[in-house]
Amino acid sequence: MFDTDVSSNGDSKGSESYRIRWPKEHEEMLSKLCKNSDGKGGNIFDTYKEALVFCACVGFEQSRKKTVVKSGEPIAQDYFKAMDHVLINCMALADSNDPNILSKSRSRDKFIIFEEFAAAGMDDLRTRVFDQANWSSAFLEWIQSQNPAFANKSGILGQFGSLLEGRELT
């Protein structure tokens, strides 16, 4: 369910002990999107962390945030890879317009911004995809509608769409 990467220095103090929260109300949706520990379940994302990053991008793209009131099992931020942290930093900087958000003393603030974008993205994903009769087809159609590159399968987004077309989404 979670990635197995840990921080390079192994330090678990300060911001590295912060656990990223996600809305418990979306647990069923996440379990459908992600493989569980025995390899069963959805096959779009390998981990909840990956789905959370995707949903944060959805929320960020729409400039929507939502406070996480009741969280499912939080994810240790150590599971987030370097590129995930770059994304988290960019979202926090763009949202706050404050370069100080990138300081160690403000790490918790930037993680909360990320959580809020992810929560809003999960709401949107539920409405657009999981409330549909055939959610797997609705997911693929929605992804393809987000960028013209999907129409002709060009670029990285088009290739992502092509990969999803070949998968049986459960």
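**View 1. Helix 2 passes helix 3 in a left-handed crossing.** Left-handed here says that the near helix is turned anticlockwise from the far one by less than a right angle, while clockwise would be right-handed. This is a predicted model, where local features need pLDDT of at least 70, side-chain atom pairs count only at pLDDT 80 or more, and totals for chains, interfaces and linings use all residues. Residues are numbered from 1 along each chain as its sequence is written, and side-chain values use heavy atoms, with hydrogens and water left out. Helices are DSSP runs of H or I with at least four residues, strands are E runs of at least two, and both are numbered from the N terminus.

**View 2. Here's where helix 2 and helix 3 touch.** Lys49, Val53, Ala56, Cys57 and Phe60 of helix 2 meet Asp84, Leu87, Met91 and Ala94 of helix 3 (contact: heavy atoms within 4.5 Å).

**View 3. Pro23 sits in the loop between strand 1 (19-20) and helix 1 (27-33).** With 4% relative accessibility, Pro23 counts as buried (buried is under 20% relative accessible area, exposed over 50%, partly exposed in between, using a 1.4 Å probe and protein chains only). Skip its neighbours within four places in sequence, and Pro23 is in contact with Val68, Lys70, Gly72, Ala119 and Met122. Gly72 is 49 residues from Pro23 along the chain, yet their C-alpha atoms are separated by 5.9 Å.

**View 4. Helix 4 (residues 107-130) is largely enclosed by the rest of the structure, because 18 of its 24 residues are buried.**
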